[in-house]
Amino acid sequence: MTKEEHNDERVDMLIDVHVPLDQQPNQASHEFSYDFLKVYYGKLFPYSDIFRWMSYGNDGKHPACDASYFSRREFSFTLENDVYLRFQSFKSEFELENSIKEKCPHKIDIGPVYSVDPSKRHAYAQAGNNVFTPVERELIFDIDITEYDDVRYCCSGSDICLNCWPLMAIAIKVIDTALRDDFGFNQILWVYSGRRGVHCWVCDGRARRLSNEVRSSIADYFHVYKGGENSLKKASLTGLALHPLLARAYTDVLLDYFERKLIHNQRLFSLEERYQKILDIISDKSVASEIHEKWQGNKRSSVSEEVRWDQLKSVLQSTKHKGLRRCVEEIVFTYTFPRIDMEVSKHMNHLLKAPFCVHPKTGRVCVPIDPKYCEDFDPTSVPTLSMLIEELNAGGARMVVENEWEGTSLDQSIRFFRSSFLQPLMKSCKDEMESSYNAKIQQSNKSSLSW
């Protein structure tokens, strides 16, 4: 099919927006259906934005552009019934768009840029050359709300609500600040996973070229939570003073969120079984027992959760118990500090779900999150597949427009992606490409003069 034929077909498709009621899915599958997904990929998915992002400026005419760059990127499709298609690659935006529309994947994952076209890896292997290896990959982070099930009581498993969302907001604030202030990264994208967590893409050139060893070191930098069901103290704080990362996080984010949000949202001090878990963190069991007995004695009185927390802090920070002052910090860190998936961040070849996918379990679109306002983000009100189809239907047989998403609730997310992430990233890529090219020219001129 030629580009012109494709455009004609696209115009025909755009004219007929309505999905008849008798073809719409039943209530059980209301948020997600194959028919709805076909419409979404046909009208709303931002192919050009994903292509520009994944090209990192190599889709232009600058002499430093690498024409093979995009075609060496791995895409992975998960089809209906969990059929996996790994190592998909495309030479152009046109090919990517056609393949997604044809296969209608339930999920799209993005992998690394390899040294050769990943779809031709077997040919290189047969040639005996061990050249198929990842050479670039964004530094990525995956934070899942299920990792906090031991400290949240409003939900469990894959469920998430506004009462436990602050745990994700904390992770975004702490990690985003550290990536920018401690590592000097700037091109950072945060995305809601569509169900139970958030993803982070660090896209600076030097971040994409990090070795696995350096990635592991950065992941370890954020590794405070030690996990383990049998471990009572899950935050390991060593040394006489907190590391600057931890001190900043505690002062600027953790303590405030713990006291302002989590104590009340999770009712941490209202039920004995919940505050007992907090008391178990205290290393001096006699002190913990004394506090427990005091609270048990006040069972019938209306002592607020905030008062109990203040009482606990007062005891632990008193001069009488100098060795327990760190316990307050350990409690706060145990309940609030980011719990990242270490393996996802450590290795270049890990896949991560593409932004603007639709989660098949919830029907929610994986939309970008503004880290400055992540506390206000509501995961339960993001655009859903059924919502978007209803909005398209409500528009009726409108005139053909270039961006169908402009008339839907996806509009704000795509505009934010472009203005706050993609445009600054493209400028950064252009500047880096120009700088690298000029350096090579100068080096070449010096070499010529030396002759």
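Author: A disulfide here is a pair of cysteine sulfur atoms within 2.5 Å. Cys366 is in no disulfide either, its nearest cysteine sulfur being that of Cys357, 5.6 Å away. Searching the whole structure gives zero disulfides. This is a predicted model, in which local features need pLDDT of at least 70 and side-chain atom pairs pLDDT 80 or more, while totals for chains, interfaces and linings use all residues. Numbering runs from 1 along each chain as its sequence is written, and side-chain values use heavy atoms, without hydrogens or water.

Both cysteines are covered. Cys200 is buried (under 20% relative accessible area; exposed is over 50%, partly exposed in between; 1.4 Å probe, protein chains only), with a value of 0%. Cys366 is buried as well, at 1%.

For the setting, 50% of the 451 residues of the protein chain count as buried. The accessible surface of the chain (Shrake-Rupley method, 1.4 Å probe; for residues, only the protein chains shown count as cover) comes to about 21,600 Å², 48% of it on carbon and sulfur atoms. Among contacts (heavy atoms within 4.5 Å) between residues at least 6 apart in sequence, 68% join residues at least 24 apart. The chain has 16 helices and nine strands, taken as DSSP runs numbered from the N terminus (helices H or I, at least four residues; strands E, at least two).
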